[in-house]
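Here is a short report on one predicted protein model. It covers the sheet, the helices, the core and the overall dimensions.

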Amino acid sequence: MLTSVDPDVIRALGDPLRLRIVNLLARETLCTTHLVEETGARQTNLSNHMKVLREAGIVETEPCGRYTYYRLRPEVLAGLSEQFAALAASARGAGEKKRACP
């Protein structure tokens, strides 16, 4: 069931800018500068969003000189996908079930 999903992951992906960042990182590993250019967000705003994504376990960092590179942790997204698929399968079967009113 979906209740085993870390609520921080759901909350992190619920923000449009963070979802855009995840989509960008799905294509390539990017540094903060690239993400600022791609999103148009201010560096401080972007850093706050990246902190949320890091704390939720969705992205990991790689220091490279004075830059920080970000990459997705695909296993986190795959696990979320599997849990949503299980929820959808359960919902398909629920259409046949109806609890009687008292």
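## Hairpin and sheet

The hairpin of S2 and S3 has two residues between its strands, and Gly65 there takes a positive phi near 65°. This is a predicted model: local features need pLDDT of at least 70, side-chain atom pairs count only at pLDDT 80 or more, and totals for chains, interfaces and linings use all residues. Residues are numbered from 1 along each chain as its sequence is written, and side-chain values use heavy atoms, with hydrogens and water left out.

Helices (H or I, at least four residues) and strands (E, at least two) are DSSP runs, numbered from the N terminus. Two strands pair if DSSP finds at least two bridges between them.

Strand S3 (residues 67-72) pairs with S2 in the antiparallel sense, over six bridges. Val59 stands opposite Leu72 in S3. The three strands form an open, antiparallel sheet in the order S1-S3-S2. Strand S1 (30-31) and strand S2 (59-64) are the edges, and each pairs on one side only.

Helix H2 (residues 16-25) lies across S1, S2 and S3. Its direction is at about 85° to S3. Axes here are lines fitted to C-alpha atoms, for helices over the stretch in contact, and angles run from 0 to 180 degrees between N-to-C directions.

## Core

A nonpolar core is a set of buried Ala, Val, Leu, Ile, Met, Phe, Trp, Tyr and Cys residues joined through side-chain atoms within 4.5 Å. Buried means under 20% relative accessible area, exposed over 50%, partly exposed in between (1.4 Å probe, protein chains only).

The largest nonpolar core has 22 residues. Ile21, Leu25, Leu35, Met50, Leu53, Ile58 and Val59 touch the most other members. Helix H1 (7-13), H2, helix H4 (43-55), S3 and helix H5 (74-94) each give two or more residues to this core. H2 gives the most, with five residues. In soluble globular proteins, nonpolar side chains tend to be buried together.

Two residues show what lies around them. Contact means heavy atoms within 4.5 Å. The table leaves out neighbours up to four places away in sequence.

| Residue | Contacts (within 4.5 Å) |
|---|---|
| Val59 | Leu25, Met50, Leu53, Arg54, Tyr70, Arg71, Leu72, Arg73 |
| Thr32 | Gln43, Leu46, Thr68, Tyr70 |

## Helix H3

Which residues of helix H3 (residues 32-39) are buried? They are Thr32, Leu35 and Thr39. They cover an arc of only 60° around the axis, so they sit on the same side of H3. The arc is that of the directions from the helix axis to the C-beta atoms. H2, S1, H4 and S3 are among the elements that cover these buried residues. Thr32 has a relative accessible area of 15% and is therefore buried. Gly40 follows H3, with a positive phi near 80°.

## Whole chain

The protein chain has five helices and three strands. Along the sequence the pattern is α-α-β-α-α-β-β-α. Of its 102 residues, 28% count as buried. Among contacts with a separation of 6 or more, 54% join residues 24 or more positions apart.

The radius of gyration of the protein chain is 18 Å, whereas a compact globule of 102 residues would have one near 13 Å. This radius is taken over C-alpha atoms, and the globule rule is 2.2 Å times the number of residues to the power 0.38. Along its principal axes the C-alpha trace spans about 65 × 25 × 20 Å.
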